Amino acid sequence: MKFVLAPDSFKESMTAKNAALAMQKGILKVFPDADCVMVPMADGGEGTVESLVSMTNGEIINTEVLGPLGEKVVADYGLLDEGHTAVIEMASASGLELIKPEDRNPLLTTTYGTGELIKHALEKGVSRILIGIGGSATNDGGTGMLQALGVSFKNKNGEELPFGGGALHQLHTIDLSGLDERIKKVKMDVACDVTNPLIGENGASAVFGPQKGATPEVVKLLDQNLAHFADVIHQFLNKDITHLDGGGAAGGMGAGLMAFLNAHLKKGIDLVIEYTGLEEQIKGADYVFTGEGSIDGQTLFGKTPFGVATIAKKHSVPVIALAGRIGKDVDPLYDHGFTAIVGILHGVSTLEEALKAGATNLAFASENICRILKNEQKFTNRGCY
């Protein structure tokens, strides 16, 4: 029997790889000769580098870059495909979690460190970059990133703009002559699971600014600054980024990547499925096990288990999803490839206890599912549907 194990991380409990190992442990207790193919997954956010490096026998690269407030931080990215592909999580260099809540200020935060990660990857000779842009602390339209790559943003006095979304109203000219030539030869994929435009009531500043420390007054200012940024880009690049789907992601980073680096924005889970070769692994499998910490009605909107189930359904392979918590509105998932959704908790416990026992509980739940499957083999050659 072939089992494909494709979980996401169980946040604060298990990485995706550890979750797959726990599933394997339970399965092998019942089917000791089973072929367990582990494909640790992610949706383009936290854990994407680790999952892809683990799946592809890649390498983690550490380097010092500027953090979101201009301080030095150690960030990392992954090298895959014998060094031809880099996978970057923006949050590693420019993430919200790098700043104490009381110090968060999108007027000042910069994406410069993310640009340094991209440049570091270029120096490794990569030809393809996957960048996840979730969890950012910034609202600068990607200008910091672009400055790190050689783009110059100047005010009317010919002075380089300071870091942060608060300075964009000063933007007068854009100079691309210093842009790193190597970036033009690189395919840039961006994991982006939001469709918000750059500006307006559904834009970067209004929707995501408050969680980054913006007051209502600051939100208004940031929105006006991004609108000015878009106007200057239209003037110098003849590109309209105002209403692009996903342009407002990561404080306008989506728009900056598309306008200057010809990046392609895609759903994170779709990119991870592509990079891991999940579909090829699922072909001919008997069962797929997936899961993450919580499964509910929101899983339907591009979460990892949904993406996995969609591929499995295409090939008529049953999908068992396991979760620490099963929330409301999961019924529609059964129409999208999910065969069963199983909670892994044994009984009432504190959150701390549940997180600590995550791997043990996941292995036990996987074992018991397989005991049911083994019993059903008496009645069908394919197993339990």
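## A buried loop residue

N196 has a relative accessibility of 15% and therefore counts as buried (under 20% relative accessible area; exposed is over 50% and partly exposed in between, with a 1.4 Å probe and protein chains only). N196 belongs to the loop that runs between strand 9 (187-191) and helix 6 (204-208); helices (H or I, at least four residues) and strands (E, at least two) are DSSP runs numbered from the N terminus. Leaving aside neighbours within four places in sequence, the residues in contact with N196 include N202, F208, L244 and D245, where contact means heavy atoms within 4.5 Å.

## Basis of the description

The model is predicted: local features need pLDDT of at least 70, side-chain atom pairs count only at pLDDT 80 or more, and totals for chains, interfaces and linings use all residues. Residues are numbered from 1 along each chain as its sequence is written, and side-chain values use heavy atoms, with hydrogens and water left out.

The largest nonpolar core has 51 residues, of which I133, F260 and L261 touch the most other members. Such a core is a set of buried Ala, Val, Leu, Ile, Met, Phe, Trp, Tyr and Cys residues joined through side-chain atoms within 4.5 Å. Helix 8 (residues 249-261) contributes 8 residues to this core, the most of any element. A second, separate core holds 36 residues, among them L271, I273, V288 and A312.

What encloses helix 8? Since 13 of its 13 residues are buried, helix 8 is largely enclosed by the rest of the structure. After helix 8 comes N262, whose phi is positive, near 50 degrees.

## Aromatic pairs

A search of the whole structure finds 6 aromatic pairs. Rings of Phe, Tyr and Trp (its six-membered ring) pair if their centres lie within 6.5 Å; planes under 30 degrees apart count as stacked, over 60 as edge-to-face and the rest as tilted. The rings of F3 and F289 are edge-to-face, because their centres are 5.7 Å apart and their planes stand at 90 degrees. F3 lies in strand 1 (residues 2-5) and F289 in strand 11 (residues 287-295), so the pair ties together parts that are 286 residues apart in sequence. Both F3 and F289 are buried. Ring pairs also link F3, F31, Y287 and F289 into a cluster.

Y112 and F163 form a tilted pair, at 5.2 Å centre to centre with 45 degrees between the planes. Y112 lies in helix 4 (residues 112-123) and F163 in the loop between strand 7 (152-154) and strand 8 (173-175), so this pair ties together parts that are 51 residues apart in sequence. Y112 counts as partly exposed at 21% relative accessibility, and F163 counts as partly exposed at 33%.

M23 is found in helix 1 (residues 16-30) and counts as buried at 0% relative accessibility. Not counting residues up to four places away in sequence, M23 touches L5, P7 and F289, among others. The C-alpha atoms of M23 and I369 are separated by 10 Å, although these residues are 346 residues apart along the chain.

R128 is found in strand 6 (residues 128-132). The side chain of R128 makes a polar contact with the side chain of E274 at 2.6 Å. A polar contact is a pair of N or O atoms within 3.5 Å; within protein, one must be able to donate a hydrogen and the other to accept it, and residues adjacent in sequence count only if both atoms are side-chain atoms.
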